[in-house]
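Please look over the structure shown here before reading on. The briefing that follows takes up helix packing, then a pocket, then charge pairing.

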Amino acid sequence: MTDMTNAAPVAVNNPGLPENQRRLIELDDAIAKIRTQIATADLARQRGQKPIDPDWFHRARTALRHLCRERAELLAQGTGRRRREKLKDALIGILRERHDPETWDGILAEAQARTEREGL
């Protein structure tokens with residue numbers, strides 16, 4: 001059967017991408033490779049060349065399941081971040097509308113000073 005070590009994800013060579021996006025691309029690549037290996041083995045079985053090794057098939061399906069779960073977890077984390085960013089954007093919009101420009105500039109300066117103090 002096909003060697004599962006060939007299903008290792010290829011690193012994405014784009015340093016500009018955030019780590020979670022790079023990992024999603026790697027996971028998608030690995031998932032596609034395993035699915036291709038399973039499909040190839042099934043086509044060979046259908047042609048009558050040789051049966052699928054049940055141990056290999058179980059390992060492939062298990063690897064596929066784990067990769068899909070990790071992908072789902074990464075996507076769920078991203079959803080939470082997007083919600084927090086939207087909440088922050090809404091909060092900033094409301095505060096900006098309720099305060100005159102001078103007060104808003106003071107609030108913004110205080111926030112920038114705080115992020116510098118806290119190393120953010």
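**Helix packing**

Helix H1 (residues 19-46) packs against helix H2 (residues 54-98) at an angle of about 155 degrees, and their axes lie 10 Å apart. The model is predicted, with local features needing pLDDT of at least 70 and side-chain atom pairs counting only at pLDDT 80 or more, while totals for chains, interfaces and linings use all residues. Residues are numbered from 1 along each chain as its sequence is written, and side-chain values use heavy atoms, leaving out hydrogens and water.

- H1 and H2 are therefore roughly antiparallel to each other, a term used for angles over 145 degrees.
- H1 passes H2 in a left-handed crossing, meaning that the near helix is turned anticlockwise from the far one by less than a right angle.
- The contact of H1 with H2 has, by class, 16 nonpolar, two polar and seven charged residues.

**The largest pocket**

- The largest pocket has a volume of about 160 Å³; a pocket is an open set of points on a 1 Å grid where a 1.4 Å probe fits, with protein on both sides within 12 Å along at least five of seven lines, and lining residues have an atom within 4 Å of a point.
- Its lining consists of Ile92, Leu95, Trp104, Ile107, Leu108 and Ala111, which by class are six nonpolar, no polar and no charged residues.
- Helix H3 (101-117) and H2 each supply at least two lining residues, and the largest share, four residues, comes from H3.

**Salt bridges**

- The count comes to six salt bridges, each a side-chain nitrogen of Lys or Arg within 4 Å of a carboxyl oxygen of Asp or Glu.
- Arg22 and Glu19 meet through their side chains in a salt bridge (2.7 Å, N to O).
- Because Arg22 and Glu19 are three residues apart in helix H1, about one helical turn separates them.

Terms used. Axes fitted to C-alpha atoms, helices over the stretch in contact; angles between N-to-C directions. Parallel < 35°, antiparallel > 145°, perpendicular 65-115°, else oblique. Nonpolar A, V, L, I, M, F, W, Y, C, P; charged D, E, K, R; others polar. Points joined across faces, edges and corners; volume = space filled by probe spheres on them.
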